[in-house]
Amino acid sequence: MNILVTGGCGYTGSILVNALLEDNHKVTVIDTMWFGNYLKKNKKLKIIKLDIRDYEKIPLKNVSTVFHLANIANDPSVELNPTLSWEVNVLATQKLIEKCIDFNVKQFIYASSGSVYGFKKEKKVTENLSLLPISVYNKTKMIAERVLMSYANKIKIHLIRPATVCGYSPRMRFDVSVNMLTLQALTKKKITVFGGSQIRPNINILDLINVYKHFLKNKKLKSGAYNAGFENLSIINLAKKIQKIIPCKIIIKKNNNDKRSYRQNSDKLLSTSFKKHFSVEDAIIDIKDRYYNKNLQILPSAFTVSWMKKQKIK
Ligand SMILES: NC(=O)c1ccc[n+]([C@@H]2O[C@H](COP(=O)([O-])OP(=O)(O)OC[C@H]3O[C@@H](n4cnc5c(N)ncnc54)[C@H](O)[C@@H]3O)[C@@H](O)[C@H]2O)c1
């Protein structure tokens, strides 16, 4: 199958692209390579350094599925330049879906985010609940979802709402909670937690890749939003989980700027016969083993916001 992946050089994209190649698909990646490119050469892989805002140049001839991952991908990096994020996350997304329809692409899989729920007290946050996006990032995701769904009569649209992703990738991110706290435990022997009672759902990166592959295989699944998050943990319980694997101190600070707190329920996804295989604990152990085996590079680009600031990305 011919597949196009935007953001294919990113944290999740790098693992997704390798998984698609292993399954013998032909893959084209569109990426600005803001954080580098860790994909290895492969006959079936074409990598194009391109900004999705130059959507006219995106090659879609004979492409059957598009995975759309290229976005400014977290709250603080969006705050650096909100206009850039509206342009990339929403406007370019709309141009891209229109172009996909013109080129008769059959399926569009969008990496939305569980953070569209913002703040929710419900025990079971399912896809039919109203969205309460708090940050500009959350808002761009919600609006992009709505724009995309307005084309659902013309193309199959699967909106995946991943929880916070954890685990190793060649383009590593240490700004996502599990990875960040695990790194603190490894390098400083202490974890600092702000607040701590806020609940966040998590997903192991390997499960998320399987979710994407699941939708690729099951194109007939109804268009719409699907939660993809399995372990709802308070930040303090996450810190304790890490402490059991990597002995360290936990320091709790009262001030917490990030008020997001929600659980995610993924029964809708599970009802489509998706099976979860990996856990947060697996991700922590893998990062720890790589660290002690000297198989984990701690690059400045793994800290998204400070890296974007340094690169003066516009
Ligand atoms: N990592 C998470 O915890 C998480 C959770 C929920 C949703 N998501 C979503 O999943 C997607 C991928 O996230 P990630 O963690 O891999 O982030 P990432 O920042 O590692 O990857 C994004 C990639 O997109 C590229 N990119 C950004 N803007 C671009 C543009 N205008 N044109 C072309 N390429 C561009 C970047 O260079 C990068 O390689 C994002 O849409 C993100 O919002 C991520």
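This note sets out points on the ligand shell and the strand and helix arrangement of a predicted model.

1. Basis. Residue numbers start from 1 along each chain as its sequence is written. In this predicted model, local features need pLDDT of at least 70 and side-chain atom pairs count only at pLDDT 80 or more, whereas totals for chains, interfaces and linings use all residues.

2. Ligand shell. The ligand has 30 residues around it, of which Gly 7, Gly 10, Tyr 11, Asn 71 and Ala 111 come nearest (a residue is near if its C-beta atom, placed from the backbone, lies within 6 Å of the molecule). The shell comprises 15 nonpolar, ten polar and five charged residues, with Ala, Val, Leu, Ile, Met, Phe, Trp, Tyr, Cys and Pro taken as nonpolar, Asp, Glu, Lys and Arg as charged, and the others, Gly among them, as polar.

3. Elements at the ligand. At least two shell residues come from each of α1 (11–22), β2 (26–31) and β7 (164–166); α1 gives the most, three residues. Helices (H or I, at least four residues) and strands (E, at least two) are DSSP runs, numbered from the N terminus.

4. Sheet. Seven strands form an open sheet with parallel pairing, in the order β3-β2-β1-β4-β5-β6-β10; strands pair if DSSP finds at least two bridges between them. Because β3 (45–49) and β10 (224–228) stand at the edges, each with a single partner strand, one side of each lacks a neighbour in the sheet.

5. β5 (residues 107–111) and β6 (residues 156–162) pair in the parallel sense over five bridges, and Ile 109 stands opposite His 158 in β6.
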